[in-house]
Amino acid sequence: MKISADTGVCVASGQCALLLPQVFDQREEDGVVILLDKQPPPALHEAARQAVLGCPSGALRVDED
């Protein structure tokens, strides 16, 4: 699994960081998503999928291996 984020599309809602802080964070200055782990371990795959689905702007994408 590989996660990508389009920071130009992100609306800084923070849903991803709330759901999975091991993988997502937000920039201090504007709240835009920061990817902490582009290839999370298998134990986090389902939570990562849920975070991607919950992104209101569609800025997140998951590519399955």
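Me: How are residues numbered, and what pLDDT do local features need?
Reply: Residues are counted from 1 along each chain as its sequence is written, and side-chain values rest on heavy atoms, with hydrogens and water left out. As the model is predicted, totals for chains, interfaces and linings use all residues, side-chain atom pairs count only at pLDDT 80 or more, and local features need pLDDT of at least 70.

Me: Which residues of helix α2 are buried?
Reply: Helices are DSSP runs of H or I with at least four residues, strands are runs of E with at least two, and both are numbered from the N terminus. Buried means under 20% relative accessible area, exposed over 50%, and partly exposed in between, with a 1.4 Å probe and protein chains only. In helix α2, which spans residues 45-53, the buried residues are H45, A48, A51 and V52.

Me: What covers the buried residues of α2?
Reply: Contact here means heavy atoms within 4.5 Å. The cover of these buried residues includes β1 (2-5), α1 (15-19), β2 (24-26) and β4 (60-63).

Me: What is the relative accessible area of A48, and which residues is A48 in contact with?
Reply: A48 is a residue of helix α2, and its relative accessible area of 0% makes A48 buried. The C-alpha atoms of A48 and K2 are 9.8 Å apart, although 46 residues separate the two along the chain. Leaving aside neighbours within four places in sequence, A48 is in contact with M1, I3, L20 and P40.

Me: Is L53 buried or exposed?
Reply: L53 is also placed in helix α2. With a relative accessibility of 66%, L53 counts as exposed.

Me: Which residue's side chain makes a polar contact with that of E64, and at what distance?
Reply: E64 is in the segment after β4 and is partly exposed at a relative accessible area of 45%. Leaving aside neighbours within four places in sequence, E64 is in contact with M1 and R49. A polar contact is a pair of N or O atoms within 3.5 Å; within protein, one must be able to donate a hydrogen and the other to accept it, and residues adjacent in sequence count only if both atoms are side-chain atoms. The side chain that E64 meets in this way is that of R49, at 2.8 Å.

Me: What is the phi of A12 near?
Reply: A12 is in the loop between β1 and α1 and counts as partly exposed at 28% relative accessibility. Its phi is positive in a residue other than glycine, with a value near 60 degrees.

Me: How far apart in space are L35 and V23?
Reply: L35 belongs to strand β3, residues 33-35. Leaving aside neighbours within four places in sequence, L35 is in contact with I3, S4, A5, V23 and F24. L35 and V23 are 12 residues apart in sequence, and from C-alpha to C-alpha their separation in space is 6.0 Å.
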